[in-house]
Amino acid sequence: MALIVQKYGGTSVANPERIRNVARRVARYKAMGHQVVVVVSAMSGETNKLISLAKELMAEPDPRELDMIISTGEQVTIGLTALALIELGIKAKSYTGAQVKILTDDAYTKARILNIDKHKLKADLDAGYVCVVAGFQGEDANGNITTLGRGGSDTTGVALAAALGADECQIYTDVDGVYTTDPRVVPEARRLKSITFEEMLELASQGSKVLQIRSVEFAGKYKVKLRVLSSFEEEGDGTLITFEEEENMEQPIISGIAFNRDEAKITVLGVPDKPGIAYQILGPIADANIDVDMIIQNTGADGTTDFTFTVHKNEMNKALNILRDKAQSHIGAREISGDDKIAKVSVVGVGMRSHVGIASQMFRTLAEEGINIRMISTSEIKIAVVVDEKYLELAVRVLHKAFELDAA
């Protein structure tokens with residue numbers, strides 16, 4: 001008997017028939033003698049509807065009230081999933097994040113999990129129940145409902161698996177595993193049988209939408225065995241995310257190509273080239289809880305320098321307003337501008353550690369297609385570049401071919 005946490009995304013529970021399919025799958029695991037915790041997202045499109053409703057009343061909705069509104073999507077799904085299981089003769093109970101006592105900080109709309117009280121779930125599992133838990137949500141120390149950000153149900157699933165000491169966390173989605181890149185952009189993309197946590201973390205952080213980055217961080221930190229599977233296929237092993245690199249001579253240098261259309265670039269021109277200037281620019285951005293991704297500072301000339309960084313596209317205007325109100329006159333910047341017509345493309349692979357020339361091959365491939373590189377960022381197993389948004393799909397296709405990711 002194993003303890004298994006299964007997470008189902010919005011497309012997997014998009015309508016009553018799909019919820020019945022989920023219930024039947026859970027019933028099969030229950031029939032094998034396993035204990036099962038089910039984590040579900042809101043029904044497909046429901047969260048966007050709720051956000052749109054809020055924006056009809058307030059252009060920039062109050063974050064606390066927005067979390068109150070959008071957390072209801074998952075509450076509907078857990079009740080429906082529990083009903084579908086009960087209809088099959090299975091003992092089931094639904095729980096909101098607050099009822100489980102998923103404690104988070106108070107960063108509304110992108111809260112982080114601090115602690116999970118596992119005792120109530122453990123007691124129900126031991127009593128033979130399937131526990132159906134709302135993903136994406138929790139509550140802060142003051143009892144306010146919080147949400148974990150887009151894709152937060154993945155994080156809920158992995159965090160519950162860690163807290164309960166689950167044997168495996170299965171992430172069911174509309175794809176049957178992790179691919180070398182998005183098959184909608186490159187039809188020749190291949191499903192990977194396994195991938196290391198390091199690679200998956202880089203792919204998630206660089207824009208791969210299969211798993212939310214924090215869920216991968218959680219899984220790596222607490223050694224949760226993670227598998228990505230399709231909720232629409234009865235059979236299949238999906239992709240196993242492993243802790244160890246396989247000792248395989250034929251292991252590809254590059255495992256995958258990730259991309260992100262949601263980036264925007266902010267440039268601060270003509271700031272004094274002196275110690276502390278980076279903090280004076282990025283400090284107010286951090287205080288506003290805006291995540292910064294890539295950062296470049298040019299070599300100083302005539303006592304000034306230019307500073308460029310990227311943020312999420314939805315937060316570009318907020319960041320620009322903060323800099324113009326709080327920083328521009330203070331730091332003496334000549335100009336502050338934003339550009340949301342950019343995209344990030346990244347190649348990822350643990351094989352890069354032992355192979356040289358990956359960057360030059362990447363840059364040469366893009367140059368041959370006339371694609372200009374705006375920014376570059378590297379790590380031990382990743383090279384990321386920012387290009388004009390109109391060249392995104394071309395860049396992904398030519399890089400996928402150049403690194404022979406379409407080869408079996």
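Analyst: Five bridges join strand β14 (residues 263–272) to strand β17, and the two strands run antiparallel. Within this pairing, Ile266 has Gly338 of β17 as its bridge partner. The model is predicted, so to speak of local features a pLDDT of at least 70 is required, while side-chain atom pairs count only at pLDDT 80 or more and totals for chains, interfaces and linings use all residues. Residues are numbered from 1 along each chain as its sequence is written, and side-chain values use heavy atoms, with hydrogens and water left out. Helices (H or I, at least four residues) and strands (E, at least two) are DSSP runs numbered from the N terminus, and two strands pair if DSSP finds at least two bridges between them.

β14 and β17 belong to an open sheet of four strands, ordered β15-β16-β14-β17, with antiparallel pairing. At its edges lie β15 (292–297) and β17 (335–339), each of which pairs on one side only. From one strand to the next, the twist averages 15°; angles run from 0 to 180 degrees between N-to-C directions, and axes are lines fitted to C-alpha atoms, for helices over the stretch in contact.

Two helices pack on this sheet. Helix α10 touches β14, β15 and β16 (304–312), and its direction makes about 25° with that of β16; contact means heavy atoms within 4.5 Å. Helix α11 touches β14, β16 and β17, with its direction at about 170° to that of β17.

These helices also meet each other. The axes of α10 (residues 277–287) and α11 (residues 316–331) come within 9 Å and cross at roughly 145°. Their crossing is right-handed, a term for a near helix turned clockwise from the far one by less than a right angle, anticlockwise being left-handed. On the α10 side the contact involves Ile277, Gln280, Ile281, Pro284 and Ile285, and on the α11 side Ala319, Ile322, Leu323, Ala327, His330 and Ile331. Sorted by class, these are nine nonpolar, two polar and no charged residues; Ala, Val, Leu, Ile, Met, Phe, Trp, Tyr, Cys and Pro count as nonpolar, Asp, Glu, Lys and Arg as charged, and the others, Gly among them, as polar.

Elsewhere in the chain, another open sheet has four strands in the order β13-β18-β20-β19, again with antiparallel pairing. Its edge strands, β13 (256–260) and β19 (375–379), each pair on one side only. On average, neighbouring strands of this sheet are turned by 20° against each other, direction ignored. Seven bridges connect the antiparallel strands β18 (residues 342–348) and β20 (residues 382–388), and Val348 stands opposite Lys382 in β20. Helix α8 (residues 197–205) lies across β13, β18, β19 and β20 and runs at about 170° to β18. Helix α12 (residues 358–368) packs on the sheet as well, touching β18, β19 and β20, and its direction makes about 20° with that of β20.

Glu404, which follows α13, has a positive phi near 55°.

Strand β1 (residues 3–8) runs parallel to β2 and is joined to it by six bridges; Tyr8 stands opposite Val40.

The largest nonpolar core has 41 residues, and Val37, Val133, Leu211 and Leu226 have the most contacts inside it. Such a core is a set of buried Ala, Val, Leu, Ile, Met, Phe, Trp, Tyr and Cys residues joined through side-chain atoms within 4.5 Å. Helix α7 (residues 152–164) gives the most to this core, with five residues. A second, separate core of 23 residues includes Ile4, Val22, Val36 and Ala84.

How values were computed
Buried means under 20% relative accessible area, exposed over 50%, partly exposed in between (1.4 Å probe, protein chains only).
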